[in-house]
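Hi,

Here is the structure I promised to pass on to you.

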Amino acid sequence: MKMTEEIKKIIEQFNIDGNILDVVCKNVGNINQTYVATYKMNDNSTKRFIIQKINTTVFKEPYKLMKNIENITNWIEKKSIFKGDLKHPCLKVILNKNKKPLAVITDKNGEKQYYRAYNCIENAISYDNSQDRKIIYNTGRAFGHFQKMLIDYPIRRLEETITDFHNTQTRYENFLKDIERDVCNRVFDASKEIVFVIKNSDCARSITDLIEEGKIPIRVTHNDTKVNNVMLDKDTKEYLTVIDLDTVMPGSSLYDYGDGVRSCASNALEDEKDLDKVFLNTQLFESYTNGYLDEMAPYLTEAEVCNMGEAIKIITFELGLRFLNDYINGDTYFKTDYELHNLYRARNQFKLLLDIKDKMPYINEYILNKYKEKVKKI
Ligand SMILES: Nc1ncnc2c1ncn2[C@@H]1O[C@H](COP(=O)(O)OP(=O)(O)OP(=O)(O)O)[C@@H](O)[C@H]1O
Ligand SMILES: [Mg+2]
């Protein structure tokens, strides 16, 4: 899509020293609309910026969300400078001419639309999915590095932008209520999957209990640890920067690690219907775990290390539950392409869960051995 006058007017609200040459819409994101704006800067150089329209259906308080992102990115930038780290370019929020982090316009329906701007991470690429061990290793490493940089961040400064995001138990209780309501008459068609969830409902409690009992520390978490949220160097495929910070919140590092493995090491896409293709790819699990532990091993508590394998299981249960719940509610949260899309996604996660359960002894042993190896080296 070529630049429209409307988007140009929005972008001009940002405090950028130059003139817009071109704007291209990158139609990749599921959540936000992303544009790349190229500028001729006043010093005659050419520079690119990322402009994103915030999805206010998902993120209802855009200023609160931007406060988290500004705090986190400033913290990481200061720490990188302090450490003399030139390898990892930092994500920076560009303010508008009134020093605010959002450009706001009112659309023709009278609704406010919010846009933000970032520096563009150059010579970089993000993959929607990958089975390449090096890319998955670097993805694990990028999220480990992100957590490490924020290890001493004062957590009380961070807002919880989506309440109970990973409270698996609350999600399970809401699911039971939604089955009773059955607003779309879909419960009968999903009965096999519902029974599966109920039989596996012990999964809902294990990590939430440890958090409530104070046995697992609360850290800064990313909450969307997918391969496409890491910018890698186009040539070397080394990790550069973690992006997509909308869901940065206080939480448990276990969910980030577990979801990273779940999303990067499944052998198939989340909506693969042929369940024979859905299983945990052990090579990719090992790569992600190695990358993550290469950064985070010295900082993890014993309880965290002992529950990393469990976290992969719990998060897979949680996502399957969310897909199934959305199917029952009439597909109001996840975008669907056909009527049974969310039901197929739920089946996919439940198959993955069964495979993870089978491989649990190996998963736990691998994590523990790698952890010991990495801590010994330090
Ligand atoms: N600062 C940046 N520099 C370079 N490219 C970027 C930057 N921010 C985003 N992108 C590109 O735009 C894509 C979408 O960005 P982002 O992940 O923030 O949006 P999203 O809508 O939340 O996406 P999704 O829901 O798919 O995770 C990224 O995968 C990346 O390719
Ligand atoms: Mg993204």
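Below is what I found, going from the whole chain down to single residues.

Please keep in mind that this is a predicted model.

**The whole chain**

The chain contains 11 helices and 11 strands. Its radius of gyration is 21 Å, close to the 21 Å that the globule rule gives for 378 residues, so the chain is as compact as a globular protein of that length. Along the principal axes, the C-alpha atoms fill a box of roughly 60 × 55 × 40 Å. As for burial, 38% of the 378 residues count as buried. If you look at contacts between residues at least 6 apart in sequence, 74% of them join residues at least 24 apart.

How many residues of each domain take part in the contact between them? On the domain 1 side there are 18, and they are in contact with 15 residues of domain 2. The side of domain 1 that touches domain 2 is made up of 10 nonpolar, four polar and four charged residues.

Strand β2 (residues 33-41) runs antiparallel to strand β3 (residues 46-53), and eight bridges join them.

**A three-stranded sheet**

Next comes an open sheet of three strands, in the order β7-β9-β10, with antiparallel pairing. Which strands stand at the edges? They are β7 (124-125) and β10 (239-242); each has a single partner strand, so one side of each is left without a neighbour in the sheet.

β7 pairs with strand β9 (residues 230-233) over two bridges, and I125 stands opposite L232 in β9. On the β10 side, three bridges hold the antiparallel pairing of β9 and β10, with M231 opposite T241 in β10. The hairpin of β9 and β10 has five residues between the strands, and K237 in this hairpin takes a positive phi near 65°. Helix α3 (residues 133-149) lies across β9 and β10, running at about 50° to β10.

**A loop residue to look at**

Finally, have a look at F279, in the loop between α7 (253-265) and α8 (282-296). Leaving aside residues up to four places away in sequence, F279 touches N267, L352 and D355. The C-alpha atoms of F279 and L353 are separated by 8.4 Å, although these two residues are 74 residues apart along the chain.

Happy to go through any of this with you on screen.

Best wishes

Conventions. Residues numbered from 1 in each chain as written. Chains lettered and ligands numbered in written order. Predicted model: local features only at pLDDT ≥ 70, side-chain atom pairs only at ≥ 80, totals over all residues. Contact = placed C-beta atoms within 7 Å. Nonpolar A, V, L, I, M, F, W, Y, C, P; charged D, E, K, R; others polar. Pairing = 2+ DSSP bridges. Helix = DSSP H or I, 4+ residues; strand = E, 2+ residues; numbered from the N terminus. Axes fitted to C-alpha atoms, helices over the stretch in contact; angles between N-to-C directions. Rg over C-alpha atoms; globule rule 2.2 N^0.38 Å. Buried ≥ 20, exposed ≤ 12 C-beta atoms within 10 Å, placed from the backbone.
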